[in-house]
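User: I'd like to learn how to read the sheet and the inner space of a protein model. Could you walk me through one?

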Amino acid sequence: MTSHTDRVIDFYHRRLSGRSPRKGEFMNFGLWERHTSDYQSAAEHLVRKVADRGNVTAGSVVLSAGHGSGAECELISKVYHPLQITGIDLYAPHISHARAYNTRENVSYLTGDVVAVNTIWHLKGHFTHALAIEGIAHFDTREEYYKNVRDVLTRNGRVASGDIIQKRPPKTKFEKWLVKNAAWHWRMPEANVIGKELYYLMLRHNGYKFIDIDPVGDKVFRPYCENAMRLENRVRQIRERGIIDGIASIILDWTISKLAGDGLLEYVIVSAKK
């Protein structure tokens, strides 16, 4: 039986379809303000918004969980100049490319499952900040991540995340099918399909305080999907991923657009203190 870990690895393998990530290539939806005109700017803006909410500064020691091929770690290093950034990602090719592209002395990378206690237990009390942007939706489970990462934070350490949650429960059979199908394709465990209220209670239950959960879905899903649906971007995806995976990507983007448009899906920027 295929494990959840194997399914997440397969998700990113299909996303790359055998090609190498480009230097500076982000893997988030982006935060699209009025002045945002392109995906790269939106993706960088989202990373900076999460880091700002976490109050990352020049004195920070940062854990970046599920960071992709390293673009977000490089950006945080360049903009905020923290003492150290340790990136942990499950997918080994992400780490290989992140290391190959790394130009920052304060950035290092580890391959592993950040939810597994033995991946980071030896770093207990080491980090001032733990950031997770979208990869947290895959974590099995999100709550286990927050439990484990709390142990590696310093006193009053901070977490900040860009995450995908349920805006409202599905009502019809079709809506329930749509949510279940999207979660399956996105490799999101059923336990992670929760709303804002349960998210807040989960953080409180696991010892966090000063919790802020800011919905920003209107600046994420619709503009991302509009950009992704442009003909030139669809043609590029099919060329890079092949016909089958390219069409699968189109279907997933349509599903995200449908869920967000029907008020079922929300994007939140989360911050809290240990």
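**Cavity and sheet**

Analyst: Strand 5 (153-166), helix 7 (173-185) and helix 10 (231-261) each give at least two residues to the lining of the largest cavity. Helices (H or I, at least four residues) and strands (E, at least two) are DSSP runs, numbered from the N terminus. This is a predicted model, where local features need pLDDT of at least 70 and side-chain atom pairs pLDDT 80 or more, while totals for chains, interfaces and linings use all residues. Residues are numbered from 1 along each chain, and side-chain values use heavy atoms, without hydrogens or water.

User: How many cavities of 30 Å³ or more are there?

Analyst: The general idea first: rolling a probe the size of a water molecule over the atoms shows where empty space is left. A cavity is a set of points on a 1 Å grid over the protein atoms alone where a 1.4 Å probe fits but cannot get out; lining residues have an atom within 4 Å of a point. Points are joined across faces, edges and corners, and the volume is the space filled by probe spheres set on them. Here the count is one cavity of 30 Å³ or more. The largest cavity holds about 220 Å³, and of its 17 lining residues I164, A182, M188, L259 and L265 are closest to its centre.

User: What is the make-up of that lining?

Analyst: It has 15 nonpolar residues, two polar and no charged. Nonpolar covers Ala, Val, Leu, Ile, Met, Phe, Trp, Tyr, Cys and Pro; charged covers Asp, Glu, Lys and Arg; the others, Gly among them, are polar.

User: Now the sheet. In what order do the strands lie?

Analyst: Two strands pair if DSSP finds at least two bridges between them. In this model seven strands form an open sheet, ordered 3-2-1-4-5-7-6, with mixed pairing. Strand 3 (107-111) and strand 6 (209-215) are the edges, each pairing on one side only.

User: Why is strand 1 largely enclosed by the rest of the structure?

Analyst: Buried means under 20% relative accessible area (1.4 Å probe, protein chains only). Strand 1 (residues 61-65) is largely enclosed because five of its five residues are buried. V61, L63 and A65 point one way, V62 and S64 the other.

User: Which residues stand opposite V62 and S64?

Analyst: V62 faces I85 in strand 2; strands 1 and 2 (residues 84-89) run parallel over five bridges. S64 has L131 in strand 4 as its bridge partner, and four bridges join the parallel strands 1 and 4 (residues 127-133).

Note on methods
1 Å grid on protein atoms, 1.4 Å probe; cavity = no way out; pocket = protein on both sides within 12 Å on 5 of 7 lines; lining within 4 Å. Buried < 20%, exposed > 50% of the residue type's maximum accessible area, 1.4 Å probe, protein only.
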